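Colleague: I am new to this one. Please show me the sequence and the structure, then let me ask.

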Amino acid sequence: MTNKKRLLTGLQPSGSIHIGNYFGALKPFLDMYTEYESHLMVVDYHALTTLRDRDALTENIYSIVKDYLAAGVDPEKVILFKQSDVAEHTELAWILQCLVTVPFLMQAHAYKDKVAKGLEANAGLFSYPMLMAADILLYDTEIVPVGEDQRQHIEYAREAANKFNNTYGETFITPQEHILKGVGVVPGIDGKKMSKSYHNTIPLFATRQEIEKAVMSIVTDSDGERPENVYAIHQLFASEDALDALYKENEGNYKALKEALIEDIDAFIAPMRERRASITNEDVANILEAGARKAKERALRKMMDVKERIGVIL
Ligand code: ADP
Ligand code: TRP
């Protein structure tokens with residue numbers, strides 16, 4: 001181990017990632033991960049709380065790792081692994097669940113929101129924050145880059161760490177969330193938050209045709225000088241100065257502005273798309289296997305200490 005600070009994050013393999021995920025979560029990770037001792041997870045057991053289609057889950061796992069790699073994650077500079085390969089995550093999650101109360105877990109916004117949206121309130125969905133706490137605490141993680149919606153889950157991880165430390169002695173580091181200010185929420189083609197569940201996305205690895213279709217259907221208000229929804233997305237791909245000139249020159253000409261946006265998105269995505277096409281399922285399997293070996297070694301060491309402290313080692 002080096003004395004660099006430890007950083008860890010994860011994304012659920014629950015569908016194709018979009019430019020909101022990229023600018024809100026993946027890009028901030030890419031910008032900082034090499035300065036830390038970093039862990040990047042595919043949290044497949046978390047996805048199991050909402051996904052029961054075997055083939056879709058397998059496909060999504062391959063897909064998200066290809067997305068990570070094509071977006072620029074260097075597997076030599078991060079421990080890239082999937083959660084289900086390191087059984088210590090579910091093992092520690094159980095121990096942590098025995099330290100927190102049902103009323104405490106019932107306050108989780110993410111759980112309440114998902115149930116309000118009609119998702120089944122299964123016990124996995126309910127105890128989800130303790131599996132996430134285990135993901136984080138097992139690796140002595142200090143920094144967790146996430147989107148705003150995950151802030152409370154990091155508080156839950158801190159609470160679990162404190163409960164354990166108070167009961168059994170100093171064992172876990174209390175982690176800190178890293179939430180980028182100013183990234184805000186990337187709007188979808190209908191102006192609402194871009195989200196897989198709203199069907200309003202521009203997929204990160206869209207084909208040229210898919211980009212054209214999505215951009216042409218961005219909702220524009222008919223009276224404004226500047227089509228705000230187009231501009232808000234365009235800002236992610238071009239400098240303010242370039243956009244000022246372009247939007248002045250084409251004032252009121254929404255079609256020309258959308259065409260310019262298509263060009264800019266396509267120019268940005270094309271190299272990643274090409275890189276992604278060259279990554280095979282076998283590459284993914286090899287990278288995950290190597291990552292699992294490294295993660296497992298660390299997790300086992302930490303769990304030995306935990307088991308010793310709770311009194312199950314004879
Ligand atoms: P979705 O809403 O599409 O299902 P997820 O909940 O899987 O996305 O989010 C994965 C990560 O991407 C989270 O860290 C979340 O904060 C971030 N994220 C999702 N949508 C956006 C958006 N429109 N703008 C900025 N960040 C986003
Ligand atoms: N709950 C996170 C999300 O839905 C995913 C996640 C699981 C995670 N374990 C984690 C994120 C550990 C950061 C660290 O986006």
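**Ligands and helix packing**

Modeller: Start with D135: a polar atom of its side chain lies 2.7 Å from a nitrogen atom of ligand 2. This is a predicted model, where local features need pLDDT of at least 70, side-chain atom pairs count only at pLDDT 80 or more, and totals for chains, interfaces and linings use all residues. Residues are numbered from 1 along each chain as its sequence is written, chains are lettered from A and ligands numbered from 1 in the order written, and side-chain values use heavy atoms, leaving out hydrogens and water.

Colleague: What makes the pair of D135 and ligand 2 a polar contact?

Modeller: The term needs a pair of N or O atoms within 3.5 Å (within protein, one must be able to donate a hydrogen and the other to accept it, and residues adjacent in sequence count only if both atoms are side-chain atoms). D135 and ligand 2 are at 2.7 Å, so the pair qualifies.

Colleague: Which residues come nearest to ligand 1?

Modeller: H18, D149, V186, S195 and K196, out of 15 around it (a heavy atom within 4 Å).

Colleague: Why is α4 called oblique to α7?

Modeller: These helices are DSSP runs (H or I, at least four residues), numbered from the N terminus. α4 and α7 (residues 123-137) pack at about 120 degrees, with axes 8 Å apart. Angles under 35 degrees count as roughly parallel, over 145 as roughly antiparallel, 65 to 115 as roughly perpendicular and the rest as oblique. The angle of about 120 degrees belongs to the rest, so α4 is oblique to α7. D135 belongs to this contact (heavy atoms within 4.5 Å) as well, among the residues of α7.

Colleague: How do you know how α4 runs relative to α13?

Modeller: α4 (residues 88-97) and α13 (residues 281-310) have axes that come within 10 Å and cross at roughly 25 degrees. That is under 35 degrees, so α4 is roughly parallel to α13. On the α4 side, E88, E91, L92 and I95 make the contact.

Colleague: What kinds of residue make up the contact of α4 with α13?

Modeller: 7 nonpolar, no polar and 4 charged.

How values were computed. Axes are lines fitted to C-alpha atoms, for helices over the stretch in contact, and angles run from 0 to 180 degrees between N-to-C directions. Helices (H or I, at least four residues) and strands (E, at least two) are DSSP runs, numbered from the N terminus. Ala, Val, Leu, Ile, Met, Phe, Trp, Tyr, Cys and Pro count as nonpolar, Asp, Glu, Lys and Arg as charged, and the others, Gly among them, as polar.
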